[in-house]
Amino acid sequence: MNISLLSVAGYLVGIAALVGLNAVILVWLERKVAGHMQFRLGPMEVGPHGILQTLADGIKLVSKQLVIPDEADKPLFLLAPVVSLVPIFAAMVPLPFSETVQAWELNIGLLLIIALGLLNTLGILLAGWGSNNKYALLGGARAVAQILAYKIPLLICVMTIIMMTGSFSLRDIAIAQQGGWNVLYQPLLFIVYIITVTLETNRSPFDFSEAESELVAGFHTEYSGMGFSLFFLAEYSYMFIAAGLASVLFLGGWQGPWLPGVVWTLIKIYSIIFLMMWFRWTFPRVRIDQMLAFGWKILLPVSLVNFIITAGVLAL
Amino acid sequence: MNRAVQPTYTLDKVNEENFALNLGPQHPGTHGVLRVILHMDGEYILQADPVLGYGHRMQEKIAEKMTYPQVLPYVCRMDYLGALSYNLAWVLAVEKLCQFEVPERAEAIRVITTELNRISSHLLWWGAFLLDLGGFTPFLQALTDRELILDLLEEVTGSRLTYCYYRFGGLPSDVDDGWFTRVMEFIKGFRLRLPRYHDLVTGNVIFYHRAKDVGVILPFDAAGYGLSGPILRGSGIDFDVRRHEPYSGYERYNFEVPVDETGDCLGRYHVRMMEIEQSLNIVEQAIGSITEGPVRSKVPKLIKPPEGEVAMAVETPRGQLVIYIVSDGTKKPYRVKYRVPSFANLSIFAKLARGQLLADALAILGSMDMVIPEVDR
Amino acid sequence: MAMNNPLQKALAKADIEYQPTEFPGSGLHCSLVLDKEQVQPLARALARNGFFIETVTALDKLKEGTFECIYLFNHYEESLRLLVRVSLSRNRPVQPSIGKIFPGAVWHERETTEMFGIRFEGCPDSRNLLLPEDADFHPLCKDFSGVS
């Protein structure tokens, strides 16, 4: 593949723009979806149907004073949101939006995205420890326990798809689904993937690390203004990446009739994001030990059995 | 005696693994200004020590300085969610002391408004309990229906939350028939919407596992702590003041007292949901059997009860409220004691929270339906 | 007298005479005046017969120069409200605690201690409940005129 410095620079600028635009859209979408599911309208004042609400919120957050607690570990406290946010730009690079639109075709693109997804939790842990706040510490500790429980089923899920396709490259996986989307062959795996992805992005019903009714605000208790907004930028961007992976691994990537590939990718990504929002506004929170039990005792065996069966079917 | 230096609460075994967490006065999950000092081992609670008094207003001393009618607004502000029951308790206590008669129509309207208040309190509890467990939508759904009740009560009482509607001898003014029609319409509409509440929450498997077998209160603990209300009925003991010591005409109505044997959060949840339905039955019966007549009997302008004491018990949405008044013959009470239900119900929390996860402790607190200003008075 | 009433049974076990009062007029089924030593045996008998503690409070009789410690008990199955009053001196009032018999009484006794200054002997916990930890005044006494 021919990569020129100019095209890589162009794609990085595009990714930065995408991350920003995505956050703007998702904040507005979340509030509208929440509003309509709760018998109310959501933002309506700022701009038609509240479209400019995110802009107003952004201005407010940027203009807030950055409060750093007295005894907090200053370097860790300031580094944590950055550690959460920066890997996103790298993780978006191998994501294919259509046959031709992709920042850089990596032959281990899938592995890169999953590895970089871990850095989100590292950011949460740094925030929890660096805040010098017991609630934040509990939130950070819970996030680490969460990774250990879900990462292995996620990896087994992904390995099953790789085994079916024979390549780590996201582009190849999407192209290999031209005969039929993977969700038709692996419906159970799709369900497991959606659950693990909700766990990975700390979304309800698995949002223990920021549980508002128990831990005041969890890992971001002490953050105000820009720090808080960086964490949320990171969360929404990880939702986008996770949904992007779901669409490539299971829903055939950019394939679809009539509309161009990019539009189909975006439709699929936003449908999965809508599904995750739907979960958030319907379900109460699962308890941490119930989630760990679910991850170790149910998700792991189910994905393992699925993997073995797939291996057996492919061998025949 | 010198009590200026108080011994601090010491933990049984202190080591480096434990830490003290302040479930502080400001916390989204404590339903008011309740502070609980938790000694924790990771996520498990070793010891819970509630610290009260952040909302203490000395209501009992204030009542000694006010005349009997002047105490009415203070009483309603103790439990702002079930204000009409408190209002009823004070008014009935003084009526008992002075032996005032109350006309039947006034009694019936008192029952209707108190039961509507009970439904609105239970609706708010439902939303807040789910909010504690992390589900945000049920709260909004409950508030939508609660607004209808608040509108109905506002037409009659003039306030939305801290009602001060009843007077000694009856009610201040009559209610027109249009209001009764609107209440019946509300009941019909609410009965159709109630299955939705059960669809959203009661059948949800996440909610079931959060609430099942969490915070079991055993019946033999109940008497030692003086529990009352849905907490007690959720543990299998059938005690409802409206049955035990009927007041204001409750003996005329046919209603069941829901009791659940399990004693966990889910049991208390079911008791309250069934109580909402029973309250709807009571309101329907009261409206159906309402008679014409005066709404206030003749009482003297200056309330000067004879010397003596009286204890009046009333079933609030949280349990049994007892108002004990000692009168010395003057126009101001000599001593007023408010025995509030949440005070006794909260005293068992320290025992229940021991050994639980933090998330479970908050679920228990949510299922106990605390109103902290009531505890602090 | 017929032993069909849990209250009568409990009182008989504690060797106390049953004095019924007119219930509808006062809200009390029985009102007793006891000595401080009789309270703990009575509490044990009541606990065994299924009574629950409603409240423990006090009454300040400034003119007579005494405190009256007031207990209210009730029963879950039948409506039987019992009021017990114990007269204590205003100077260093001490009363045996029923906190070990009825665990819920501990909070009521804590509140009575801080509001009136009555010390409950044997109470497992006697810190201030509603007032600040370092408050040493007793607000509900009739001669309390504010903290200076």
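Two residues are in contact if their C-beta atoms, placed from the backbone, lie within 7 Å. The model discussed here is predicted. Of its two pairs of chains in contact, chains B and C share the most contacts. Chains A and C do not touch, and their nearest C-alpha atoms are 24 Å apart. Chain A has eleven helices and zero strands, whereas chain B includes an open sheet of three strands in the order β4-β5-β6.

**Chain A: overall form**

- The pattern of chain A along the sequence is α-α-α-α-α-α-α-α-α-α-α, with eleven helices and zero strands.
- A compact globule of 316 residues would have a radius of gyration near 20 Å, and chain A agrees with this at 20 Å.
- The C-alpha trace of chain A spans about 65 × 45 × 45 Å along its principal axes.
- Of the 316 residues in chain A, 45% are buried.
- When contacts in chain A are counted between residues at least 6 apart in sequence, 78% of them join residues at least 24 apart.

**Chain A: packing of α9 and α10**

- Two packed helices are described by the angle between their axes and the distance between the axes.
- Helix α9 (residues 226-249) of chain A packs against α10(A) at an angle of about 120°, and their axes are 8 Å apart.
- The crossing of α9(A) and α10(A) is right-handed.
- On the α9(A) side, the contact is made by A:Met239, A:Phe240, A:Ala243, A:Gly244, A:Ala246 and A:Ser247.
- From α10(A) come A:Thr265, A:Lys268, A:Ile269, A:Ile272, A:Ile273 and A:Met276.
- By class, the residues of the contact of α9(A) with α10(A) are eight nonpolar, three polar and one charged.

- A:Gly130 lies in helix α4 (residues 109-130) of chain A.
- A:Gly130 counts as buried because 24 other C-beta atoms lie within 10 Å, and the cut-off for a buried residue is 20 or more.
- With neighbours within four places in sequence left aside, A:Gly130 is in contact with A:Ala72, A:Asp73, A:Leu76, A:Phe77 and A:Ala80.
- A:Pro69 is 61 residues from A:Gly130 in sequence, and their C-alpha atoms are 9.5 Å apart in space.

**Chain B: the sheet β4-β5-β6**

- The three strands of the open sheet β4-β5-β6 in chain B pair in the antiparallel sense.
- Strands β4 and β6 of chain B stand at the edges with a single partner strand each, so each has one side without a neighbour in the sheet.
- The twist in this sheet averages 10° from one strand to the next.
- Nine bridges pair β4(B) with β5(B), which are antiparallel.
- B:Glu315 has B:Gln320, in β5(B), as its bridge partner.
- Helix α3 (residues 83-98) of chain B lies across β4 and β5 of chain B and runs at about 150° to β4(B).

- Strand β2 (residues 35-41) and strand β3 (residues 44-51) of chain B run antiparallel and are joined by seven bridges.
- The residue opposite B:Ile37 is B:Asp49 in β3(B).
- Two residues lie between the strands of the hairpin of β2(B) and β3(B), where B:Gly42 takes a positive phi near 70°.

**Contact of chains A and B**

- Chain A gives 22 residues to this contact and chain B gives 26 residues.
- On the side of chain A that touches chain B, the elements giving two or more residues are α10 (261-282) and α11 (288-315) of chain A.
- α11(A) gives the most to that side of chain A, with three residues.
- The residues of the side of chain A that touches chain B are ten nonpolar, five polar and seven charged.

**Contact of chains B and C**

- Chain B contributes 35 residues to this contact and chain C contributes 31 residues.
- At least two residues of the side of chain B that touches chain C are supplied by each of α1 (59-65), α8 (219-225), β4 (308-316), β5 (319-327), β6 (335-339) and α12 (341-347) of chain B.
- β4(B) supplies five residues, the largest share of the side of chain B that touches chain C.
- This side of chain B has 17 nonpolar, eight polar and ten charged residues.

How values were computed. Residues numbered from 1 in each chain as written. Chains lettered and ligands numbered in written order. Predicted model: local features only at pLDDT ≥ 70, side-chain atom pairs only at ≥ 80, totals over all residues. Helix = DSSP H or I, 4+ residues; strand = E, 2+ residues; numbered from the N terminus. Nonpolar A, V, L, I, M, F, W, Y, C, P; charged D, E, K, R; others polar. Rg over C-alpha atoms; globule rule 2.2 N^0.38 Å. Buried ≥ 20, exposed ≤ 12 C-beta atoms within 10 Å, placed from the backbone. Axes fitted to C-alpha atoms, helices over the stretch in contact; angles between N-to-C directions. Left-handed = near helix turned anticlockwise from the far one by under 90°. Pairing = 2+ DSSP bridges.
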